[in-house]
Amino acid sequence: MRVSGHSWRVCALVSGLLAVVWSPVFALDIVTLGEGGELDWRGEGNSAVAVIDSEYRSPLNPNRLLVGNAPGNLIAFAHPDFPLGIFPLRIEEGENIANNTVARGGNIDAPNIFDFGRDVGVASGSIFDRNDLLLALQELLTSEDGGEKKAFERKNFNALGTLVILNLGGRFGVNRIRFYPRNTVHKSPTTPFHNDFLRAFELFTNDGISLTNDGSLIWDPLLLHTDNENPVVDVTIDPPSYVQFVRLRATSTVNFEIDEFEVYGTGFLSEAQYISDIFDAGQPALWGDMRWVEETVGPEVFSRLQIRTRTANDATPFVFTRLLAAQRDAEEIPFSLEDPTQEMELAEYETLPKADALGRQWNPGLIRDDLINWSPFSTPYPASAANGPGIPIASPSPNRYFQFQVFFQSDDLEAARGLKSLSFEVLTPPFADEVIGEIFPREVRIAENTNFTYAVRPVLETANLRGFDTIEIFTPTRVESIDRLELVDETGQLVAERVFAGLEDTSRVDEFQILAVEDDKFSVRIPFLQEGSALIKIHFQTEVLTYSTDFTAAVRLSDEEGGISQSIVAGDAATLATDDDADLSGTTVLSPSVLREGRLLDRMEIVPAVFTPNGDRVNDVARVYYNLLALDVARPIEIAVYDLSGRLIRIIHDTPERNGRYEDKTWDGLDAQGQLVPPGLYIVRLAIEGDAQQDGQARLVGVAY
């Protein structure tokens with residue numbers, strides 16, 4: 001949908017910082033690809049954003065760019081059951097997948113043929129070099145008319161031990177491999193070499209993932225033949241299995257040739273990649289929530305897909321360089337010959353080599369990835385977000401350009417997962433050009449309540465920015481308190497502040513307010529900021545529970561629908577103390593004590609110390625409170641109740657957990673059989689199985705009736 005129009009906003013006047021301003025209501029657009037969308041998966045159609053063709057490196061030459069959305073052409077854009085979706089390619093029964101090996105980035109080689117000038121010939125008997133060898137080998141993978149006039153030969157030489165290794169360029173389900181000389185499958189009376197077939201050989205395969213510790217392929221023997229009498233070797237693989245590499249080794253000295261080497265596939269591809277076109281908002285924009293709908297074929301457990309995103313302020317993710325000819329170790333220059341103030345574009349790069357006004361010759365350099373103007377692709381979005389309400393795009397905003405990629409994976413030939421549709425939100429203009437955040441102190445003790453100051457400095461230079469009045473900060477545990485909010489002008493003078501009596505003090509005074517406090521974040525309102533130079537300081541108390549904690553944060557407008565926010569970028573926002581080193585400024589807090597002390601558990605408590613599980617709804621349960629430390633990945637946590645003799649009474653919790661403050665576990669006084677335990681003292685023990693160590697604590701609790 002598209003929201004447009006204009007509105008007047010009246011802002012509190014705070015010492016000249018804020019005034020009555022007029023601002024346009026932002027445009028919130030939703031762009032959808034696939035089913036129900038305005039764009040198809042190749043970017044055709046009309047949408048609120050412009051579309052730029054995707055480019056990717058050629059699998060054969062990384063210095064050549066190809067245009068398209070499916071590297072290797074491994075994506076089906078019209079699956080028969082889901083014509084508007086995208087799926088990994090399904091190989092039709094009887095399809096020779098070796099034909100397109102080179103086009104999708106695979107190769108074929110004879111690695112132990114070393115003397116290329118004298119040792120190998122083609123059908124005509126000519127002598128050729130390494131390139132001729134590779135061309136002869138590639139001829140094995142083509143089925144064009146007239147191709148039988150050429151073949152890969154080992155004649156008038158000792159053929160023993162000759163290797164031919166085929167890399168299909170991906171993992172395919174394979175059910176058949178066939179190879180043969182000329183004048184057999186394809187009749188060719190002018191080349192009657194049907195008796196020049198392999199008399200003894202070994203045939204191996206590798207699935208592309210079975211490797212030794214040093215990365216070498218582990219070959220799986222498929223057929224070992226010591227006395228072959230059939231010119232056409234036709235091997236059936238039943239049941240079909242994944243194959244990426246095929247290795248053929250001659251074990252006889254007898255002359256042989258191979259006209260065609262065929263590999264027949266079946267089922268869905270094990271891996272495939274889709275890369276979207278580049279979406280251009282026309283100006284810096286906030287990229288909001290992303291939603292997608294998945295479809296599965298076959299058992300769901302065997303297929304998965306991963307989605308990643310990136311953003312940029314430049315239209316191409318590549319940098320094109322030129323080199324001065326005849327200069328040793330020439331510098332790669334990314335600027336245009338015609339206009340050295342501008343970066344070189346692909347069109348000019350493709351005109352090189354070329355001379356400049358001084359007569360110097362410039363050759364094409366390497367095509368580099370643009371690591372400055374483009375963010376790296378994000379970590380994969382969680383699979384749990386599929387078919388859901390949406391998830392915020394993690395790539396940096398505001399940025400003008402947006403792109404996503406999808407990796408499809410399957411562990412079963414009859415299972416696949418595809419995308420019916422994908423949509424994303426784009427909001428213009430952003431709330432600010434940039435918002436810089438910094439926290440202090442940046443080194444504290446583990447699990448110790450600490451007074452923090454979080455400084456937020458917005459950059460508000462572009463006209464008609466949306467502005468913001470809400471700041472949200474993510475915390476490792478629920479904050480103990482939010483003590484004070486301050487607004488400071490560009491000279492460092494305090495303009496306004498609000499001191500809070502406690503977390504329950506949620507009244508709105510002079511546009512300052514505590515809006516919400518949750519277990520992992522809190523949000524506050526501040527006076528509306530849309531222009532000028534201001535610094536906001538947020539003073540709060542909480543604790544950290546791991547060696548490194550990043551206090552991420554965002555800004556937004558409180559009265560706008562959609563919930564889109566703009567991330568705060570870590571940096572040097574202000575000098576927050578005399579020992580605040582600007583070079584170390586950021587939003588990450590370290591706790592080296594966790595490394596020295598080696599603790600995984602802290603502040604375990606049982607409340608109340610004595611409880612009465614008699615059903616009167618008063619003190620009927622005992623609650624277990626605890627902090628988990630230094631567990632960035634969920635690890636097994638067990639909470640068990642024992643009697644004083646050490647006999648296990650009941651396990652009340654046995655589920656992996658990660659860092660955090662936990663207050664949700666209870667014991668109701670029942671044993672493992674559901675019977676009330678006798679009155680007395682019991683031991684509640686919490687045990688943690690960490691990656692490299694174990695930890696645990698025990699507390700007494702009393703049961704009375």
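**Exercise 1.** Determine how many aromatic pairs a search of the whole structure finds, and classify the pair of Phe279 and Phe424.

*Solution.* In this predicted model, the search of the whole structure finds 21 aromatic pairs. For Phe279 and Phe424, the ring centres are 5.0 Å apart and the planes stand at 55°. Planes under 30 degrees apart count as stacked and those over 60 as edge-to-face; the pair is therefore tilted. Next, locate the residues: Phe279 belongs to strand E20 and Phe424 to strand E27, so the pair ties together parts that are 145 residues apart in sequence. Finally, consider burial, which requires under 20% relative accessible area. Phe279 has 0% and is buried; Phe424, also at 0%, is buried.

**Exercise 2.** Classify the pair of Phe540 and Phe551, and state where each residue lies.

*Solution.* The ring centres of Phe540 and Phe551 are 6.2 Å apart with planes at 50°, so this pair is tilted. Phe540 lies in strand E35, whereas Phe551 lies in the loop between strands E36 and E37. Phe540 is buried at 0% relative accessibility, and Phe551 is buried with a relative accessible area of 0%.

**Exercise 3.** Which strands pair with E31, and why is E31 described as largely enclosed?

*Solution.* Strand E31 pairs with E35 in the antiparallel sense over 8 bridges, with Asp489 opposite Ala534. E31 also pairs with E32, again antiparallel, over 5 bridges; here Arg484 stands opposite Val499. Of the 9 residues of E31, 7 are buried, so the strand is largely enclosed by the rest of the structure.

Methods:
Residues numbered from 1 in each chain as written. Predicted model: local features only at pLDDT ≥ 70, side-chain atom pairs only at ≥ 80, totals over all residues. Heavy atoms only, no water. Buried < 20%, exposed > 50% of the residue type's maximum accessible area, 1.4 Å probe, protein only. Helix = DSSP H or I, 4+ residues; strand = E, 2+ residues; numbered from the N terminus. Pairing = 2+ DSSP bridges. Phe/Tyr/Trp six-rings, centres within 6.5 Å; stacked < 30°, edge-to-face > 60°.
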